[in-house]
Amino acid sequence: MSIEVIIADITRQADDAIVNAANPSLLGGGGVDGAIHRVAGPGLLEACRALPEIAPGVRCPTGEARLTAGFDLPARYVIHTVGPVWHGGGHGEAELLSSCYRHGIRLALAHEIRSIAFPAISCGVYGYPPERAARVALTSLYEALRNHPDIQVRICCFDAHMAEIWRGENALLLS
Ligand code: AR6
């Protein structure tokens, strides 16, 4: 079982599910979140708004995940997760980032999702150093998939530089 790193726009992926790097409101934003909402159409925002708030303005706390339909996306589902903002590494960032991937896989298993594409969660405006993020993410994913080798997981990087970093960490983990 290995995880593939691809260079692509995640909104075009026809996996059973794509993962969104959202913020706790789940009401959209920039980056991959904005792109996913744009392509999915207004139904996605409506579905997100309908999810229960667990605190004012918080539908998904950092490190957790929530599932909606994919609406106009090629993917059947969107798994929304909220990565940590990078504050130097001493504020539980690695555990929270690891938790995003774990929760994503957990939701996939619960919904018979067989293929899933993750973006580089927290590696954009949230400022997580990509080498560290890749190591944490891939370690978490390989651990979560140990008993579920039938799920196909891909990391969808937006540009070649990010993909190179993730491929490097992937090769290190597999060696
Ligand atoms: N497909 C694949 N990857 C993409 C795409 C795309 N269409 N667009 C951007 N990326 P970011 P974060 C990459 O900033 O750091 C939002 O405003 C991007 O190049 O989207 O977790 C949310 O609402 C980067 O490598 O997410 C939150 O407020 C990676 O996706 C906040 O940003 C993640 O970058 C979350 O920040």
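**View 1. The crossing of helix 3 and helix 4 is right-handed in this predicted model**. A crossing counts as right-handed if the near helix is turned clockwise from the far one by less than a right angle, and as left-handed if anticlockwise. Helices (H or I, at least four residues) and strands (E, at least two) are DSSP runs, numbered from the N terminus. Helix 3 covers residues 93–110 and packs against helix 4 at an angle of about 40°, the axes being 9 Å apart. Axes are lines fitted to C-alpha atoms, for helices over the stretch in contact, and angles run from 0 to 180 degrees between N-to-C directions. Helix 3 is therefore oblique to helix 4; angles under 35 degrees count as roughly parallel, over 145 as roughly antiparallel, 65 to 115 as roughly perpendicular and the rest as oblique.

Residues are numbered from 1 along each chain as its sequence is written. Local features need pLDDT of at least 70 and side-chain atom pairs count only at pLDDT 80 or more, whereas totals for chains, interfaces and linings use all residues.

**View 2. Residues of helix 3 meet residues of helix 4**. Among those in helix 3 are Leu 97, Tyr 101 and Ile 105, and helix 4 contributes residues including Val 136, Leu 141 and Leu 145. Contact requires C-beta atoms, placed from the backbone, within 7 Å. This contact comprises 10 nonpolar residues, two polar and one charged. Ala, Val, Leu, Ile, Met, Phe, Trp, Tyr, Cys and Pro count as nonpolar, Asp, Glu, Lys and Arg as charged, and the others, Gly among them, as polar.

**View 3. Helix 4 (residues 130–145) packs with helix 5 (residues 160–174)**. Their angle is about 50° and their axes lie 9 Å apart, so helix 4 and helix 5 are oblique to each other. Their crossing is right-handed. Eight nonpolar, two polar and three charged residues form the contact.

**View 4. The ligand is surrounded by 24 residues**. A residue is included if its C-beta atom, placed from the backbone, lies within 6 Å. Ala 21, Asn 23, Gly 29, Gly 31 and Gly 124 are the closest. Helix 1 (residues 31–40) gives the most to this shell, with four residues.

Definitions and conventions: Two residues are in contact if their C-beta atoms, placed from the backbone, lie within 7 Å.
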